[in-house]
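Have the model open and follow along.

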Amino acid sequence: MAETILKAEHMFKEFGATKAVTDVTFELHKGTVLGLVGENGSGKSTLSSMIAGVYPPTKGEMTYKGKAYKPGSVLEARKAGIQYLTQEQGTIDGMTVAENMFLGEEDSFGKGGMVNMRKLIARAREILRENGLLNVDPSQPIDNYSFEDRKMIETARSLSKQPDILIIDETTTALSKKGVERIYEIIAEQKAKGTAILIISHDLAEVQHLCDEVMILRDGVFIDLLHGDDINPDNMRQKMIGREFEGSYYRADFTCSYENEVVLSAKDLSVDGVFHDISFELHKGEILGFGGLSDCGMHEVLKTVFGAIKPTHGTVTLHEGNVKLHNTSTSVRHKIAYIPKDRDKESLFQPTSIKDNIVASSLDKIKKGIFISPRAERRMAEEKAAIMEVKMQNVAQMAKDLSGGNKQKVVIAKWLANDSRIFIMDCPTRGIDVGVKAKIYRLMEEFKQQGISVLMVSEEMMELIGMADRIITMKDGRRTGEFLRSESLSEADIISKII
């Protein structure tokens, strides 16, 4: 076995009454990729965060390079050679690319508190060039760049000094095919250099492909350590959830089924430089999917339909009442829900409670005159959280303290509280575990039965094939094809229209 670089023994982490990690012991070895898998809320990110200096453990000891290791901060861990790439955005708005890349390390570029910005920008440009990011200007505000560009900038920053440990926490879920391939290249390069790599992923095929060994967590407790042929999706899934997973994630039928009634239509919809002349109709009880590469414009189509982006040309019409959807307020008022790809930034109020998030779009339902009853708020939040099976202490818990899958449940609960009749879902299962995915898929089937319509974008071909009645494909901002649900529809059929 390769040399041990970090050993974590009897690790515990508690947040109030919540036991996030309980008595977990494991090792990281040089040149070895360890996968960390489990359902949302199983303690994966909490465990990696303790290694990366985000949280101190409640109990437990870590040994790094043969010495006691107690990082006081992420910066301290980074300086020690431990780099942490997260799923969500890790850069700060209002600062330049270069300032983000060397945040906390400015002393390296000056003396007496004065930073030599020219030297800092030059070094940032050099690192970006080494990582193939020739399109990024380090002197420009980070806000000018897309979510994916910002993730790749973070990745370049993490490799500016050769790490001894690289932690990758669901990073690939935020990236396009090209970005994912680059992360895979980095993993192979770093493994060859002897770096110990810890990967957290809900993509079990990805885990099987990348990892030398896999540790299973369930409810914060160590379950098993897998090697060799034991690292396969069925075995990992069974150990994650503690039972055999029965049936399929996806719809069992292969019928393209929905009512004739059109509930929403887009006509000649365009946003200059992003997408062009997109037209479609959404029927009552239909799941209509959009598929393509991440930068094909499909995410922006959904935002435009909801009213978050103003179209250059074209219209979006809600057929009941012949309402033109110009902005988000109109959409919400007419019972249209929007679940964005970036839930942390666009759909949750992180520093507020689960209750406040769930009732945010539905206060008109429970107010009496100008008064809103706290009891009515709590009752509504508890009811919708129970439907979505949110794992929480109570509805007063802060949203920021939930796992990714439970955050997504809260987002959906918010729109259930508003009695939404159309759900616009942008990558609804991004970065969540098999159990929560199955919950969302069953909910989508219930929507169909209730005559609720779903407009969905997904970067997972099997998700589209498994759930949608119709699939519209896009490439370079234009519509390239349409497929009806059938047993013979394959990933190859869709890929031929998007690449």
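Why are Arg237 and Asp234 separated by about one helical turn? Because they sit three residues apart in helix 8 (residues 233-241). Before going on, note that this is a predicted model, where local features need pLDDT of at least 70, side-chain atom pairs count only at pLDDT 80 or more, and totals for chains, interfaces and linings use all residues. Residues are numbered from 1 along each chain as its sequence is written, and side-chain values use heavy atoms, with hydrogens and water left out. As for helices and strands, they are DSSP runs numbered from the N terminus (H or I with at least four residues for helices, E with at least two for strands).

Back to that pair: Arg237 and Asp234 form a salt bridge, with the closest N and O atoms 3.2 Å apart. A salt bridge here is a side-chain nitrogen of Lys or Arg within 4 Å of a carboxyl oxygen of Asp or Glu. Arg237 counts as buried at 18% relative accessibility, while Asp234 counts as exposed at 56%. Those words have cut-offs: buried is under 20% relative accessible area, exposed is over 50%, and partly exposed is in between (1.4 Å probe, protein chains only). The structure holds 31 salt bridges, and Arg251, Asp253, Lys448, Asp469 and Arg485 are linked in a network of them.

Now move to helix 14 (residues 374-387). Its 14 residues reach 20 Å from first C-alpha to last, close to the 20 Å expected at 1.5 Å a residue (the expected span being 1.5 Å times one less than the number of residues). The buried residues of helix 14 are Ala376, Glu377, Met380, Ala381, Lys384 and Ala385. They lie on the same side of the helix, because they cover an arc of only 155° around its axis, taken from the directions from the helix axis to the C-beta atoms. What does the buried side pack against? Its residues pack against helix 12 (354-359), helix 13 (363-366), strand 20 (371-372) and helix 15 (404-417), contact meaning heavy atoms within 4.5 Å.

The side chains of Glu377 and Lys355 meet in a salt bridge (3.9 Å, N to O). Glu377 is in helix 14 and Lys355 in helix 12, so this pair ties together parts 22 residues apart in sequence. Glu377 is buried, with a relative accessible area of 14%. Lys384, buried at 12%, forms a salt bridge with Glu383, the closest N and O atoms being 3.3 Å apart. Glu383 is partly exposed, at 43%.

Asp219 has a positive phi of about 55° although it is not a glycine, and it lies in the loop between strand 11 (213-218) and strand 12 (221-227). Cys427 also has a positive phi, about 50°, without being a glycine; look for it in the loop between strand 21 (422-426) and helix 16 (434-449). Buried or partly exposed? Asp219 counts as partly exposed at 49% relative accessibility, whereas Cys427 counts as buried at 7%.

Last stop: Lys475, found in strand 23 (residues 470-475). Its C-alpha is 9.0 Å from that of Gly291, 184 residues apart along the chain.
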